[in-house]
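Biologist: I am new to this structure and would like a close look at a single part, the surroundings of the ligand. Could you walk me through them and then follow the chain outward from there?

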Amino acid sequence: MAQKNLILLGPPGAGKGTQAKVLSEKLGLPHVSTGDMLREAVREGTELGLKAKAVMDAGQLVSDELLTGIVKERLSKKDCAGGFILDGYPRNLSQAAILDEILKSLGKEAARAVELEVPDEAIVTRLSQRRSCPKCGAVYNLATNPPAKEGLCDKCGTALVQRDDDKESVIRQRLLVYHEKTAPLSDHFRKQGRLLAVDGSKKPEAVLADLMKAVG
Ligand code: AP5
């Protein structure tokens, strides 16, 4: 059976995590988020976490070297045999080349990219209103998808938190980094005939339907 090796591209706050969680259930593929892996490393105080924290809080990219090992290890796990949904990786052209090498070395097919397109101003609004559950990872939005009980996760009752990098000044810095380093990936994948684009500014259910049409 063909592998479904997918990359979700798009600016910070485009809805990559939100959509990847649902797609993962619908397609039966693991959701591999480098942002989540790094935040877990920060919470656990590992060497990787200690190196990554200040970089993440400043809205900059963690070095390629720190990411390569964890991505290769994760993609080599059994649950990625039929495919995966990569969220947050690759983040620049050199990571795209590294990913191609990793997949080749693991005997896997090259991945296809799906881009969620959302304008910058919608991003700032979305991210300032995001809250997430530090225990189960559920993501909410105070404006469009609030929890039933203020400040508490619907799924596990844990107190919701705001990510350290969701302050307006850091969001704007992340957008700058995105346009400079990550946005060129769209052209890169388009030229290789490996890019699909979906309008990420619609309601989440409509975005999901378009994604399923694109990759299902
Ligand atoms: P990472 O965690 O990857 O962050 P990001 O790419 O900036 O993306 P976000 O998680 O902020 O947004 P999202 O697109 O998942 O949106 P979400 O679904 O939550 O990376 C964080 C940091 O880690 C980086 O800055 C970097 O330092 C480091 N890092 C990670 N990977 C790296 C790599 N490969 N190389 C180097 N460094 C790396 O949605 C956002 C909000 O909008 C939520 O509130 C949600 O409810 C709401 N929402 C979602 N969809 C919709 C919709 N359709 N309409 C309205 N609201 C919506």
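Modeller: Helix α2 gives the largest share of the shell around the ligand, four residues. Helices here (H or I, at least four residues) and strands (E, at least two) are DSSP runs, numbered from the N terminus. This is a predicted model, in which local features need pLDDT of at least 70 and side-chain atom pairs count only at pLDDT 80 or more, while totals for chains, interfaces and linings use all residues. Residues are numbered from 1 along each chain as its sequence is written, and side-chain values use heavy atoms, with hydrogens and water left out.

Let us begin with the ligand. There are 35 residues around the ligand, and Thr-18, Thr-34, Gln-60, Arg-130 and Arg-174 come nearest; a residue is near if one of its heavy atoms lies within 4 Å of the molecule. By class, the shell holds 13 nonpolar, twelve polar and ten charged residues. In this scheme Ala, Val, Leu, Ile, Met, Phe, Trp, Tyr, Cys and Pro are nonpolar, Asp, Glu, Lys and Arg are charged, and the others, Gly among them, are polar.

Some of the atom pairs can be picked out one by one. A polar side-chain atom of Thr-34 sits 2.8 Å from a nitrogen atom of the ligand. Gly-13 uses its backbone instead, with a polar atom 2.9 Å from a ligand oxygen. For Tyr-140, a backbone N or O atom is 2.8 Å from an oxygen atom of the ligand. On its own the ligand has 1,000 Å² of accessible area, and the protein covers 95% of that; such areas come from the Shrake-Rupley method with a 1.4 Å probe, and for residues only the protein chains shown count as cover. The elements that give two or more residues to the shell are α1 (16-27), α2 (34-44), α6 (120-128) and β6 (139-141).

Now back to α2 itself. Its buried residues are Thr-34, Gly-35, Leu-38 and Ala-41, where buried means under 20% relative accessible area, exposed over 50%, and partly exposed in between (1.4 Å probe, protein chains only). Seen down the axis of α2, these buried residues fall within an arc of 125°, so they line one face of the helix. That arc is taken from the directions from the helix axis to the C-beta atoms. The buried residues of α2 pack against β2 (31-33), α3 (47-57), α4 (64-75) and β3 (83-87), with contact meaning heavy atoms within 4.5 Å. On the other side of α2, Arg-43 and Glu-44 are exposed. Just after the helix, Gly-45 takes a positive phi of about 70°.

Leu-185, Ser-186 and Phe-189 are its buried residues. Looking down the axis of α8, they fall within an arc of 105°, so they line one face of the helix. Their cover includes β1 (4-9), α5, β4 (112-117), α7 (168-182) and β7 (195-199).

Gln-95 counts as buried because its relative accessibility is 2%. Leaving out residues up to four places away in sequence, Gln-95 touches Val-62, Asp-64, Leu-67, Tyr-89 and Pro-90.

Definitions and conventions. Polar contact = N/O pair within 3.5 Å; in protein donor to acceptor, adjacent residues only side chain to side chain.
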